[in-house]
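This note is written for a colleague meeting the structure for the first time. Its points are numbered and may be read in order.

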Amino acid sequence: MPTVKFIHCSDIHLGRQRLGGKLPDTDFAQALHFIVRYTLEQRADALLIAGDLYDSPSIQPPVLQQATACLAPLKEAGIPVFAIEGNHDRATVTGESHTWVKYLNDIGLLHLLSIPFTSQGPVITPWDDQRRQGSYIDFKGVRIVGAGYLGAGTVKRARLIAETLTGWRQDAGAGALIMLLHAGPDYIVQEGGGFSRENLEFLHECVDYLALGHIHKPMNHGGWAVNPGSPEHVRLEECRYDGQPRGMAVVEIDPSHTSPLRRAEIIEVPKRKVLSLRYDCSPHSNKTRRAMDAIQTDIVRTLRTLGAAPEDAVRLELTGAVNLGRIRLDTEALAVYLQESLPVKAVEVISGGLQLAAGEGSPAGTVHAAPSREDLELSAIHEVVLQNPLPGLEQQADLLARLFYRFKEDVRNRASAQEIRERLQAHPLVEQLLAEVLEETPERSVAVAKDGDA
């Protein structure tokens with residue numbers, strides 16, 4: 001039996017808005033187009049999409065056009081696409097409402113695999129081509145299972161799914177098995193609802209290749225559990241992953257071999273260039289009002305040295321000490337100045353790491369006893385939380401204060417509603433509460449509760 005080649009990608013995030021639209025959402029369509037073209041050029045047998053094809057369950061018509069235009073060449077070439085939904089693709093954890101990924105399934109551009117849960121556990125069914133639905137599909141000697149996004153109950157639900165997969169393993173001639181799962185190992189993303197290393201190993205007992213999504217950082221665990229990472233910078237801070245291959249994985253399976261997985265290699269997908277700069281404002285901390293001019297000029301000079309070009313984006317992190325009594329620090333004005341002066345496509349300025357310099361009577365740059373702006377604001381929020389405890393969360397003041405501070409920063413930085421919603425969904429406290437409910441409540445009731453909260 002010949003080797004079967006798959007291209008595995010995830011977290012495309014079509015339609016993502018960054019920096020108020022200064023960076024075009026077509027970047028994400030171009031990334032998907034590159035993956036599709038690579039799939040065709042490599043004559044791969046199929047494309048796997050492990051969730052978050054879209055950035056939101058509510059998309060605009062141009063975004064739908066991007067998806068259909070990118071995937072149509074694969075259908076014309078007879079190369080199937082097997083996909084699952086991620087947390088961004090649907091409005092609820094249960095995924096019972098119709099989504100735009102389901103629409104792509106209905107018109108034949110992809111096969112959407114899913115495993116619904118009832119109070120009795122997972123309902124795992126074979127693909128029905130007439131109804132265009134199912135949990136798994138047999139393709140060229142490889143069984144492809146789509147688990148999707150399982151939310152706070154990821155580990156519990158994955159173990160229930162694994163019981164069925166283990167049964168398949170015991171059948172003679174079961175062949176190779178690939179599982180698509182939209183989840184991130186908790187030792188990487190440090191969030192609830194993820195996998196520990198031990199969790200991954202129990203899946204390894206019944207899966208030859210685990211096609212992961214959800215995290216945007218590339219990960220290859222033991223050569224068999226792979227997340228290729230996002231093919232484009234969903235957030236500019238993801239530029240810290242640059243320098244290592246990220247965006248898609250080439251997977252080769254030999255169904256007739258006792259160890260079917262022959263190759264799992266992450267491949268780079270071209271992205272918009274993002275320049276990242278940390279700039280220390282301390283040398284200008286106690287200067288006159290012209291200090292801001294000096295800061296701007298110095299930053300422009302540095303970025304030009306780094307090779308800033310008109311189509312690049314810039315992520316600027318301000319650090320050090322600033323005497324706000326002498327310097328009028330306007331981060332929005334700074335971003336506009338840099339964008340127009342260099343010029344570059346867009347600039348993101350992060351100022352949370354700045355400290356308040358001592359007053360005029362102290363030596364320039366003295367910051368020994370001065371807390372940072374972040375510390376001052378976090379302390380004030382923490383005090384409010386302590387004075388106004390939320391029922392049942394009296395012991396979680398620190399976590400709540402940091403969450404509320406993060407929301408304040410999101411608003412200040414004009415984060416989108418989807419970004420804020422995503423942060424809330426991934427917060428350990430929220431995941432912990434949902435997991436506790438899942439343990440104590442019948443599955444059907446939990447699903448209804450989550451739908452109501454989404």
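1. A nonpolar core is a set of buried Ala, Val, Leu, Ile, Met, Phe, Trp, Tyr and Cys residues joined through side-chain atoms within 4.5 Å. Buried means under 20% relative accessible area, exposed over 50%, and partly exposed in between (1.4 Å probe, protein chains only). In this predicted model, the largest such core has 52 residues, and those with the most contacts inside it are Phe6, Ile144, Tyr209 and Leu210. Strand E9 gives the largest share of this core, 6 residues. Apart from it lies another core of 36 residues, among them Ile35, Leu71, Val81 and Val269.

2. Some conventions should be kept in mind. The model is a predicted one, in which local features need pLDDT of at least 70 and side-chain atom pairs count only at pLDDT 80 or more, while totals for chains, interfaces and linings use all residues. Residues are numbered from 1 along each chain as its sequence is written, and side-chain values use heavy atoms, with hydrogens and water left out.

3. The protein chain as a whole comes to 13 helices and 19 strands; helices (H or I, at least four residues) and strands (E, at least two) are DSSP runs, numbered from the N terminus. Of its 454 residues, 52% count as buried. Among contacts in the chain with a separation of 6 or more, 70% are between residues 24 or more positions apart, where contact means heavy atoms within 4.5 Å.

4. How many aromatic pairs does a search of the whole structure find? The search finds 4. Rings of Phe, Tyr and Trp (its six-membered ring) pair if their centres lie within 6.5 Å; planes under 30 degrees apart count as stacked, over 60 as edge-to-face and the rest as tilted. The rings of Phe82 and Phe139 have centres 5.3 Å apart and planes at 65 degrees, so this pair is edge-to-face. Because Phe82 lies in strand E3 (residues 81-84) and Phe139 in strand E7 (residues 136-139), the pair ties together parts that are 57 residues apart in sequence. Phe82 and Phe139 are both buried.

5. Two arginines lie over aromatic rings. A charge sits over a ring if NZ of Lys or CZ of Arg is within 6 Å of the ring centre and within 35 degrees of the ring normal. The charged end of Arg143 is placed over the ring of Trp168, 4.5 Å from its centre. Arg157 lies over the face of Phe117, at 4.8 Å from the ring centre.

6. Strand E13 (residues 247-253) is mostly covered, with 7 of its 7 residues buried. Two strands pair if DSSP finds at least two bridges between them. E13 runs antiparallel to strand E1 (residues 4-9), joined by 5 bridges, and Val4 has Ile253 as its bridge partner in E13. E13 also runs antiparallel to strand E14 (residues 261-268), with 7 bridges; here Ala249 stands opposite Ile266.

7. An open sheet is formed by 6 strands in the order E7-E8-E9-E10-E12-E11, with mixed pairing. E7 and strand E11 (219-221) stand at the edges, each with a single partner strand, so one side of each is left without a neighbour in the sheet. From one strand to the next the twist averages 15 degrees. Axes are lines fitted to C-alpha atoms, for helices over the stretch in contact, and angles run from 0 to 180 degrees between N-to-C directions. Within this sheet, strand E10 (residues 209-213) and strand E12 (residues 225-227) pair in the parallel sense over 2 bridges, and Ala211 has Val226 as its bridge partner in E12. Helix H6 (residues 197-204) packs on the sheet, touching strand E9 (176-182), E10, E11 and E12, and its direction makes about 65 degrees with that of E11.

8. The peptide bond from Leu342 to Pro343 is cis, with omega near -15 degrees; Pro343 lies in the loop between helix H8 (331-341) and strand E18 (346-350). His13, in the loop between E1 and helix H1 (26-41), has a positive phi of about 60 degrees although it is not a glycine. His13 counts as buried, at 0% relative accessibility. Arg132, in the loop between strand E6 (121-122) and E7, has a positive phi near 55 degrees. Arg132 is buried, with a relative accessible area of 18%.
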